Amino acid sequence: MRMDASSSSGPMPRVIHTGQALVDEVIEVPALPARGQNVMASSVAQYAGGAVTVLLAAARLGADCVHAGAVGTGPHGDAIRAALEADGIAASAPPVTTQDTGVCVVLVEPTAERTFVTTLGAEREITVESLATASAGPGDLVCVTGYSLAVEQTRDPLLAWMETLPPDAVVVLDPGAAFASLPTQVRDAMLARTDVWTGNAEETTDLLSASAASVSVPATGREIVAQAAAVPALLRDGAVAIVRDGAEGCAVSVAGETRYVPGFPQKPVDTNGAGDTHTGALLASVATGASWVDASRRANAAAAIKVTRRGPTTAPTADEVEKFLLNV
């Protein structure tokens, strides 16, 4: 299993995402309304979101990207395809002709806190055959989201397809809030094939609690460092774990060594898509030859830039990240 793209002289690994591409309807509100009440929004905008956010971040930092998930037919599906094509990202599966892509309504408060309501649409219409159109090969970074595993319609074909992957394909799990509460057999099956865990502190806490894993935090240490050190034991042999803590940065566990990688605190205007931007930048950096620790620093910078911009698809370019790092 190749875990560092710089260790090979072969073709650059691709970033392949199997998750749901949705249209984000982002609505800024002064506060969430009480149940049954109304609130006046200050703005509304539509963006291609979900898996698209990860892929755009990866493409803008130099990765060759493929969306292996399903895209519908209609205005929402058209918006997804346009966003992918604008950044040179291939959609490998044929369009779903029977329905349009779904929507995620994102309510954003002045603190940048987000609340979500998600519909189901064509993005759930995946099969083993449609996923296979991505032609995942050795070294490719294959992204899986826990939200795909939370719904039987996407879970079953996804797990079946993963059994066909080459042993050296690198499976990257972005767990989301849903993962820890999945049935034990589903969670264990996914973890057994996971080469890279990239989740936030809350998601990782939930996983370790559900797995009854022991985490020891030194009095002078950071909890995310202890968490990152504990996660690889639950994954495939040789796995990498990244645990994010927002503006504080992240912890990275590679080959038995765990390090804290500081973040770059900013005044946020919109945190929607920050975690996905971090994941995309992380994988692009690894695909283009960086170590996991160096890639995590670049991902921290990309996420820091993103939160100063409105909308989930505002990930920075490689040049913007390099300029940012030169000035911090």
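Arginine 60 counts as partly exposed, at 22% relative accessibility (buried means under 20% relative accessible area, exposed over 50%, partly exposed in between, with a 1.4 Å probe and protein chains only). The model is predicted: local features need pLDDT of at least 70, side-chain atom pairs count only at pLDDT 80 or more, and totals for chains, interfaces and linings use all residues. Residues are numbered from 1 along each chain as its sequence is written, and side-chain values use heavy atoms, with hydrogens and water left out.

**Salt bridges**

- The structure holds ten salt bridges (a side-chain nitrogen of Lys or Arg within 4 Å of a carboxyl oxygen of Asp or Glu).
- One of them joins arginine 60 to aspartate 87, at 3.0 Å from N to O.
- Arginine 60 is in helix α1 (residues 51–60) and aspartate 87 in the loop between α2 (75–86) and β5 (90–91), so the bridge ties together parts 27 residues apart in sequence.
- Aspartate 87 is partly exposed, with 25% relative accessibility.
- Glutamate 28 pairs with arginine 310 in another salt bridge, their closest N and O atoms being 2.5 Å apart.
- This pair links strand β2 (residues 21–28) to the loop between α10 and α11, 282 residues apart.

**Threonine 314 and its loop**

- Threonine 314 sits in the loop between α10 (292–306) and α11 (318–326) (helices are DSSP runs of H or I with at least four residues, strands runs of E with at least two, numbered from the N terminus).
- Beyond neighbours within four places in sequence, threonine 314 is in contact with Arg60, Lys306 and Arg309 (heavy atoms within 4.5 Å).

**Helix α10**

- Of the 15 residues in α10, 13 are buried.
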